[in-house]
Amino acid sequence: MLPKVLFLCTGNSARSQMAEGLLRSLSGEHFAIFSAGTEPKGSILPEVQAAMREVGIDISNQWSKSVTEYLGRVHFAHVITVCADAEENCPAVFLNMGSHEHWPFDDPAKSEDGTRLETTRRVRDQIEQRLRLWLTEQGIAPK
């Protein structure tokens, strides 16, 4: 059974979705990868879809979901929060299972419409850099 990784943010519309798609691309078959939000928005930002397509990653099969979907159903080996709000509001059960890390990134959803794609690209690249480091720490060579 593959170790499960959960990326958490507030809306599950940007950062955690990018982290899910990027880790899936970088890690191959080493993990089962999930994302969720403490207050899901119900959809992924169009700029996130576009920024991920720019690097050859299709996240069109991913969707915005609540962390409560996993409560009592899934045990995660790794829980990674990608925003301060999720860190503060996540059900404690997730923060106490497996390893827990907090990687704060800016929220593209909070940037102005005119700069949202640029912000999304910057955050995507920061998440990728952090994931590459994390994979190396796990003894896995990133693809």
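Where does Asn12 lie in this predicted model? Asn12 sits in the loop between strand 1 and helix 1. The close-ups below start there.

Residues are numbered from 1 along each chain as its sequence is written. As this is a predicted model, local features need pLDDT of at least 70, side-chain atom pairs count only at pLDDT 80 or more, totals for chains, interfaces and linings use all residues, and side-chain values use heavy atoms, with hydrogens and water left out.

**View 1. Asn12, in the loop between strand 1 and helix 1.** Helices (H or I, at least four residues) and strands (E, at least two) are DSSP runs, numbered from the N terminus. Asn12 is buried, with a relative accessible area of 0%. Buried means under 20% relative accessible area, exposed means over 50%, and partly exposed is in between (1.4 Å probe, protein chains only). The phi of Asn12 is near 50 degrees. That is a positive value in a residue other than glycine.

**View 2. The largest nonpolar core, with 28 residues.** A nonpolar core is a set of buried Ala, Val, Leu, Ile, Met, Phe, Trp, Tyr and Cys residues joined through side-chain atoms within 4.5 Å. Phe7, Leu23, Val48, Ile127, Leu131 and Trp134 have the most contacts inside the largest core. Strand 1 (4-9), helix 1 (15-27), helix 2 (46-54) and helix 5 (116-137) each supply at least two of its residues.

**View 3. Helix 2 and its buried residues.** Which residues of helix 2 are buried? They are Glu47, Val48, Gln49, Ala51 and Met52. These residues pack against helix 1 and helix 5. An α-helix has 3.6 residues a turn, so residues three or four places apart point the same way. Leaving aside neighbours within four places in sequence, Val48 is in contact (heavy atoms within 4.5 Å) with Ser13, Ala14, Met18, Ile59 and Thr120. Gly56 follows helix 2 and has a positive phi, near 80 degrees.

**View 4. Arg15, in helix 1.** Is Arg15 buried or exposed? Arg15 counts as buried, at 6% relative accessibility. Not counting residues up to four places away in sequence, Arg15 touches Cys9, Val82, Cys83, Phe105, Asp106, Asp107, Pro108, Val123 and Ile127.

**View 5. The largest pocket, lined by 16 residues.** On a 1 Å grid over the protein atoms alone, a pocket is an open set of points with protein on both sides within 12 Å along at least five of seven lines; lining residues have an atom within 4 Å of a point. Thr10, Arg15, Cys83, Asp107 and Lys110 lie nearest the centre of the largest pocket. About 180 Å³ of space lies in this pocket.

**View 6. Ser111, in the loop between strand 4 (99-102) and helix 5.** Ser111 is buried, with a relative accessible area of 14%. Its side chain reaches the backbone oxygen of Pro108 at 2.6 Å. Not counting residues up to four places away in sequence, Ser111 touches Arg116 and Thr119.

**View 7. Thr119, in helix 5.** Thr119 counts as buried, at 12% relative accessibility. Leaving out residues up to four places away in sequence, Thr119 touches Pro108 and Ser111. Thr119 and Gly139 are 20 residues apart in sequence. In space they are 30 Å apart, C-alpha to C-alpha.

Notes. On a 1 Å grid over the protein atoms alone, a cavity is a set of points where a 1.4 Å probe fits but cannot get out, and a pocket is an open set with protein on both sides within 12 Å along at least five of seven lines; lining residues have an atom within 4 Å of a point. Grid points are joined across faces, edges and corners, and a volume is the space filled by probe spheres set on the points. A polar contact is a pair of N or O atoms within 3.5 Å; within protein, one must be able to donate a hydrogen and the other to accept it, and residues adjacent in sequence count only if both atoms are side-chain atoms.
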